[in-house]
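Let's take a walk through a protein together. Have a look at the picture first, and then we'll go from the overall fold to the inside.

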Amino acid sequence: MSQTRRENTGTLENRAAMTIVPSARIGKWLFSFALIVAFLVVFGGFVRLTRSGLSITEWNPISGTIPPLGEQAWLDEFAKYQQTPEFQQINFNMTLEEYKYIFYIEWIHRFIARFAGLFYAIPVFYFLFKKTIPFQKFGIYFVMGMLFIAQAFAGWIMVASGLVDRPSVSHFNLTIHLLLALTLLGLSLWTAFGHKYGFPDPGKKAKWSLPSKLALASFILLIIQISYGGMTAGLKAGHVSDTWPLMFGRLIPPNLFNSWINLFEVPQTIVFIHRWFAWLGILVVPAVYYLAKKRNYPREILNGLLWLTGAVALQITLGVLTILSYVNIVIALLHQANAIVLFVLAIYFIHRLRAWDARTAQE
């Protein structure tokens, strides 16, 4: 065999070793895990809207699995909560029965998180043991596990920020906790889509088409919008004004941008940005659809982009209704749930558009 042929054979063997073999079982597991993570994020919004997140003042990953048993155990737990700024400044008239309500909401939140951790850990080690996931391909799954642990720690740091000298959590910590959870969700979905549709050849790098670039741009805009949504939630800035499109009687209230710090600290500025930044999605997503249709993309992608445009319009409508209802809990939760839908759709379309890029590059 000539030197050139040996080099080419070696290259093909290296590419084959780098390629991940799709597995329907792994794909179904990852889709199920992603669904649990998405539900956990939405339920976290319910925890926040009911002011339940600070009801459990300790983080006990093992012993905290069981709620208080017996009257004395409840009184001891309630006594710990009574030492917090939230009780002393806001819920000072709360009864033990009222405390049990918010306690159980947060306990369920943490129970779902524990379940999600087991739902990830047990299958991943089983697949690794059975070599369904080869050890050399374990990296992406290891990152998922580390992300899960990181968002759990971030969640406790977030809670701890509201137990010392303020009756609420840090809006920065809340946003970091949210973004870590979404990163885990996105990575799980991307890998699951790979197992469903196939993984790209690592040796062939397809150029980014204009529709793919716009889809990525819309995804970045969505992340910024969700980040401001997290800060809006952490600062309870949605209660600043219950009128739309005006705030305080004006389209653009004064002193919103007289310092860069306002962009991250002042509730009025943060909620103003969150109100209007979403409208960029109404411009970008239809542009992606127009370009995809012009380039004869598959009907599956075109129909999905129409659904995505509708989801963006629904998200804006729910956002306006959240404002006008002065943050009605049901509408606010629908607004948050639809944001997760948008996030999932954005991941899906980037994946499918990049697959189309790779396909056209081979033709």
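If you count up the secondary structure of the protein chain, you get 13 helices and zero strands; here helices (H or I, at least four residues) and strands (E, at least two) are DSSP runs, numbered from the N terminus. Keep in mind that this is a predicted model, where local features need pLDDT of at least 70, side-chain atom pairs count only at pLDDT 80 or more, and totals for chains, interfaces and linings use all residues. Residues are numbered from 1 along each chain as its sequence is written, and side-chain values use heavy atoms, with hydrogens and water left out.

How far does the C-alpha trace of the protein chain span along its principal axes? About 85 × 55 × 35 Å. Of the 363 residues in the chain, 46% are buried, meaning under 20% relative accessible area with a 1.4 Å probe, protein chains only.

Zoom in on L185: beyond its neighbours within four places in sequence, L185 is in contact (heavy atoms within 4.5 Å) with A34, V37, A38, I340, F343 and V344.

Notes
Buried < 20%, exposed > 50% of the residue type's maximum accessible area, 1.4 Å probe, protein only.
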